[in-house]
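Please look through the sequence and the structure that follow, and then read on for a walk from the overall fold to a few individual residues.

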Amino acid sequence: MISEPLKKNGTIGICSPCHIAGRQEMMLIGFQLRQMGFTVKESDNIYSNTYGYAATPEEKAHDLMQLICDDEVGLVLFGGGEGCVEVLPYLDFEEIKKHPKRICAFSDSTTLLNSIWANTGMEVYYGLAPSDFMMGLSDYNRLFFEGHILSRDMNEHIPYSKWILCNEGVGEGILFGGYSNNVALMLGSRYFPIDKSQDYILFVEDHERFGGLDYVSAMIGHIEQNPIMDNIKGVLFGHYSVTRHPELYERLKRFGEAFNIPVAYCDDFGHGDASAILPIGRKAVLDTVKGSLTYK
């Protein structure tokens with residue numbers, strides 16, 4: 001299921017299911033979005049800190065459903081943090097199906113995005129967060145915002161820099177993924193049902209400020225041991241560090257060789273400067289001979 005693109009003068013709803021939003025930060029984000037011609041709606045509990053460190057799961061779920069069910073909202077936008085997994089039992093997936101729209105986030109929001117797609121069949125988008133708009137979009141990020149959120153015109157992923165090809169091959173399947181920790185933890189969850197008759201392309205990202213290479217390798221190990229690997233036909237790993245780490249590329253090579261699938265590393269998406277959008281639920285072809293990701 002593909003929702004309608006956000007209109008160029010449409011309404012963007014912002015909530016905060018993974019962290020407590022800052023008022024000054026949101027003021028700057030709202031200003032930039034209005035400068036771009038959009039109307040901005042904040043959810044009811046976006047600044048709530050009921051637990052001291054977060055809003056309650058019920059408050060977070062209320063906010064997400066509030067914006068999804070608001071037919072004036074064309075894009076629901078939120079960022080990362082911790083704890084959005086607690087929201088899942090309070091979501092009404094049947095109601096979400098009745099109000100298809102663009103939903104975009106990243107990082108800890110991996111769990112929400114993939115669960116919404118898996119339970120509704122609605123394509124969702126990994127990459128941009130409200131913070132990316134704080135100082136205005138970069139040219140690269142704007143390209144993906146226009147290609148995936150304001151339209152469905154982007155049929156081929158555009159690299160930020162040259163890919164590192166860790167294991168050669170061509171794989172085809174439905175695209176899903178996100179931050180490595182969340183991907184590893186959500187596999188097998190009742191809120192992430194997987195169709196074992198389908199093939200998949202997995203994208204994963206992490207950053208050195210969150211964990212060393214041993215940690216990243218452990219997350220890959222958790223993914224490798226999940227039965228879903230029978231259906232994974234390719235892996236694209238996103239930005240880890242400005243510094244090159246041959247050990248990471250070698251780990252990714254071993255990942256690819258173990259399952260005889262194409263694997264590549266890129267700086268296009270994740271917790272770096274580039275925030276390319278990846279459409280979760282879209283059929284894709286990953287070609288690590290050419291270094292390309294194309295959509296069907």
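In this predicted model, the secondary structure of the chain amounts to 8 helices and 13 strands. The radius of gyration is 18 Å, which agrees with the value near 19 Å that a compact globule of 296 residues would have. Along the principal axes, the C-alpha atoms fill a box of roughly 50 × 40 × 35 Å. Of the 296 residues, 59% are buried, and of the contacts between residues at least 6 apart in sequence, 79% join residues that are at least 24 apart.

The chain exposes about 12300 Å², of which carbon and sulfur atoms supply 49%.

A pair of aromatic rings is described by the distance of the centres and the angle of the planes. In this chain the count comes to 17 aromatic pairs. One of them joins Tyr 179 and Phe 210, whose ring centres are 5.9 Å apart and whose planes meet at 85°; because an angle over 60 degrees counts as edge-to-face, the pair falls into that class. Tyr 179 belongs to strand S7 (residues 170-179), whereas Phe 210 sits in the loop between strand S8 (200-205) and helix H7 (213-224), so the pair ties together parts that are 31 residues apart in sequence. The two partners can also be described by their accessibility: Tyr 179 counts as buried at 10% relative accessibility, while Phe 210, with a relative accessible area of 39%, is partly exposed. Elsewhere, Phe 106, Tyr 126, Phe 203 and Phe 269 form one aromatic cluster.

The backbone also deserves attention at two loop positions. Most residues other than glycine have a negative phi, and most peptide bonds are trans. Ser 107, however, has a positive phi, near 60°, and is found in the loop between strand S4 (102-105) and helix H4 (110-120). Asn 260 likewise has a positive phi, near 55°, and lies in the loop that runs between helix H8 (246-259) and strand S10 (263-270).

Conventions:
Residues are numbered from 1 along each chain as its sequence is written. This is a predicted model: local features need pLDDT of at least 70, side-chain atom pairs count only at pLDDT 80 or more; totals for chains, interfaces and linings use all residues. Side-chain values use heavy atoms; hydrogens and water are left out. Helices (H or I, at least four residues) and strands (E, at least two) are DSSP runs, numbered from the N terminus. The radius of gyration is taken over C-alpha atoms; the globule rule is 2.2 Å times the number of residues to the power 0.38. Buried means under 20% relative accessible area, exposed over 50%, partly exposed in between (1.4 Å probe, protein chains only). Contact means heavy atoms within 4.5 Å. Accessible areas come from the Shrake-Rupley method with a 1.4 Å probe; for residues, only the protein chains shown count as cover. Rings of Phe, Tyr and Trp (its six-membered ring) pair if their centres lie within 6.5 Å; planes under 30 degrees apart count as stacked, over 60 as edge-to-face and the rest as tilted.
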